[in-house]
Amino acid sequence: PETGSVVQFQFQHLLANVVIGIKAEISGVEVQSISLKDISQTGNYNNGSWSAEQTTTLLKENIGITIDSDNTEFTDVTNGGFLTIPQTINGSQELIIKTSFKNYDITIPDITWESGKRYIYTLEIKQDNIIFNEPSVVKWDSDSATGSVIIQ
């Protein structure tokens, strides 16, 4: 700074955020765990772009959220979502959902997850199957981000 001791920072999200929302036509379905399989785990960020190095399965266990059929809204079962390295999803990645009713393995449709964006996947658990809706993509900014960071 030219005067004083204030240093201006410009923050931006360099990761993508993937949220899973679920509703059910069956009452009492407990979501036990959610996994994203074959997702980039590590990578390098250089001059504004990412390069991924290896993949892993991202897992949220012991979720314990019960979805009732009278709930008309989708429930975020990822508690704010998965933070992922921006990457191209090419049909080899899967979403795995374990519930008290049934386990589901779903291929994630082709898409490129970009930094600074939130990808919201909504699923409807039916009596015999699950419906995987088209994802919505929204800007992931300070209004939609969760948590806080204090720099002193």
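A: A salt bridge is taken here as a side-chain nitrogen of Lys or Arg within 4 Å of a carboxyl oxygen of Asp or Glu. The model is a predicted one, and side-chain atom pairs count only at pLDDT 80 or more. By this rule there are four salt bridges. In general terms, side chains of opposite charge can pair when their charged atoms come close.

One of these salt bridges joins Lys126 to Glu25, with 3.8 Å between the closest N and O atoms. Lys126 sits in the loop between strand E11 (117-125) and strand E12 (130-132), while Glu25 sits in the loop between strand E1 (16-24) and strand E2 (29-46), so this pair ties together parts that are 101 residues apart in sequence. Both partners fall in the partly exposed class: the relative accessible area is 23% for Lys126 and 45% for Glu25.

Glu94 and Lys37 form another salt bridge through their side chains, at 3.7 Å from N to O. Here too distant parts of the chain are linked, as Glu94 belongs to strand E8 (residues 94-99) and Lys37 to strand E2, 57 residues apart.

Lys117 is partly exposed at 29% relative accessibility, and Glu114 is partly exposed with a relative accessible area of 38%. Apart from this pair, salt bridges that share partners join Glu25, Glu124 and Lys126 into one network.

Strand E2, which holds Lys37, also has a strand partner. E2 pairs with strand E3 (residues 49-60) in the antiparallel sense, over ten bridges. Within this pairing, Gly43 stands opposite Ala52 in E3. The hairpin of E2 and E3 has two residues between the strands, and Asn47 in this hairpin takes a positive phi near 50 degrees.

To draw these points together, strand E2 contributes Lys37 to the link with Glu94 in strand E8 and pairs with strand E3.

How values were computed. Residues numbered from 1 in each chain as written. Predicted model: local features only at pLDDT ≥ 70, side-chain atom pairs only at ≥ 80, totals over all residues. Heavy atoms only, no water. Helix = DSSP H or I, 4+ residues; strand = E, 2+ residues; numbered from the N terminus. Buried < 20%, exposed > 50% of the residue type's maximum accessible area, 1.4 Å probe, protein only. Pairing = 2+ DSSP bridges.
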